[in-house]
Amino acid sequence: MAPKVIVAGHICLDLIPQLFAATDLRPGSLVQVGPAALSAGGAVANTGLALHRLGVPVRLIGKVGDDLFGRALCDLLRAHDPSLAAAMVVCSGDATSYSVVISPPGMDRSFLHCPGANDTFGAADVDPTRLGGAKIFHFGYPPLMRRMFHDEGIELGSILASVRKAGLVTSLDLSFPDPDSPAGRADWPSIFARILPSVDIFLPSMDELLLMLNRTEYLQQIHDGTSIDTSLSRLRSLADTFLAYGAAIVGLKLGDQGLYLKTSTDSRRIRDICSRTGCDPEQWIGVECLSPCFTPATIAGTTGSGDCTIAGFLAAVIDGKSAINAATFAAAVGAFSVERVGATEGVPASSAVHSRLSGGWKRQGMSIPLPAGTNATADRHGTLRIL
């Protein structure tokens, strides 16, 4: 079956040791752990496999080395479906990227990461013949890929512009870089100015954006223990910044606060996107909403939850849903993902997501106050549309 979504960008092999409690890794200490899970990680695997599990035909484009980790990574993709490794780029001489995922129960995760072949990924690795039949091209984690942020993002801009010219809707996600790394110190406002005019759907996390827009201010807030401003006015300001840079649909992932979505009022731009995906443009022009997290049955691990949220959003777009329904479905898939340790193992078929939503799935509380006089209505699933 021809792919409806192509997921390209960062991919790595994840080694996830089972941790029984919060760890204190001190020099000379030994921390007893359980068996390690081995899985495909990074945006290509996480978002791509989540889409596959939801039932969306997908093609994966990532770069690996011709080494033991690279072969293991491709084998893991083939275990889901033999076709999923068919478009992977195997480069002799490059090391395959890997991460050691530290994910204690009930806590956010941290990573030990080797970028490997991701650092050499470029426009030449996106074969135009592999794009046929797809409606959406999603690119993930450019801050973990050296050529994607080098020279003000010229290589990434080239990829997105050429894909969009080929008739696909473009989607972009980021990742949180080490603040002291070259990616953390890159001129991201200049990169955004270059690439976002070629981005239709922009789905980063709020923390990533705050670091990239003003590194000094963000690090000072963290040092001082100052709470991050997640007021509606702050969310609007951030979304408006990236709509002005050129994106048409901006979704800000807010961790345990859910998803904030704002779309352009440029009817020509939105109609163009909807004509390519089958959505009703009247349900996407000038929409603003808050989609709180759904309450998971348990929290087994948060690895990949943001990527699964993106998969839910893109699946809803491919299915022709409204902006409000896409935000709801995205939050639902994200909640499913945290119920299992692996990044995507908890994601079921789309029919199971819809079934659980129809059963009155409860939402978690959201501590984002609405300014006095704000008009808003909640749909039957609890997504709040701001009027």
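How many of the five residues of strand β10 are buried? The points below take up this strand and then other parts of the structure.

1. The model is predicted: local features need pLDDT of at least 70, side-chain atom pairs count only at pLDDT 80 or more, and totals for chains, interfaces and linings use all residues. Residues are numbered from 1 along each chain as its sequence is written, and side-chain values use heavy atoms, with hydrogens and water left out.

2. In strand β10 (residues 169-173), five of the five residues are buried, so the strand is largely enclosed by the rest of the structure. Buried here means under 20% relative accessible area, exposed means over 50%, and partly exposed lies in between (1.4 Å probe, protein chains only). Helices (H or I, at least four residues) and strands (E, at least two) are DSSP runs, numbered from the N terminus.

3. In a regular strand the side chains alternate between the two faces of the sheet. Both faces of β10 are covered, with Val169, Ser171 and Asp173 buried on one side and Thr170 and Leu172 buried on the other.

4. β10 pairs with strand β9 (residues 136-140) in the parallel sense over five bridges; two strands pair if DSSP finds at least two bridges between them. Serine 171 in β10 stands opposite histidine 138. Strand β11 (residues 201-202) also runs parallel to β10, joined by two bridges, and isoleucine 201 in β11 is the bridge partner of serine 171. From β10 the chain crosses through helix α5 (residues 188-195) to β11, and this β-α-β crossover is right-handed. That term applies if, with the strands pointing away from the viewer, the path from the first strand over the helix to the second runs clockwise.

5. An open sheet of four strands has the order β3-β2-β7-β8, with mixed pairing. β3 (36-41) and β8 (110-114) stand at its edges, each with a single partner strand, so one side of each is left without a neighbour in the sheet. The twist averages 20 degrees from one strand to the next. Strand β2 (residues 12-17) pairs with β3 in the antiparallel sense over six bridges, and isoleucine 16 has alanine 37 in β3 as its bridge partner.

6. Two helices lie across strands of this sheet. Helix α1 lies across β2 and β3, running at about 90 degrees to β3. Helix α2 (residues 68-80) lies across β2, β3 and β7 (98-102), at about 80 degrees to β3. Axes are lines fitted to C-alpha atoms, for helices over the stretch in contact (heavy atoms within 4.5 Å), and angles run from 0 to 180 degrees between N-to-C directions.

7. Helix α12 (residues 350-358) has Ser350, Val353 and Leu357 buried. Seen down the axis of α12, the buried residues fall within an arc of 60 degrees, so they line one face of the helix; the arc is that of the directions from the helix axis to the C-beta atoms. The face turned away from the buried side of α12 carries the exposed residues Ser351 and Ser358. The cover over the buried residues of α12 includes α1 (42-54) and α11 (323-337). Glycine 360, which follows α12, has a positive phi near 85 degrees.

8. Aspartate 151 lies in the loop between α3 (146-149) and α4 (154-165), and glutamate 152 is placed in the loop between α3 and α4. Phi is positive, near 55 degrees, for aspartate 151 and also near 55 degrees for glutamate 152. Glutamate 152 counts as partly exposed because its relative accessibility is 37%.
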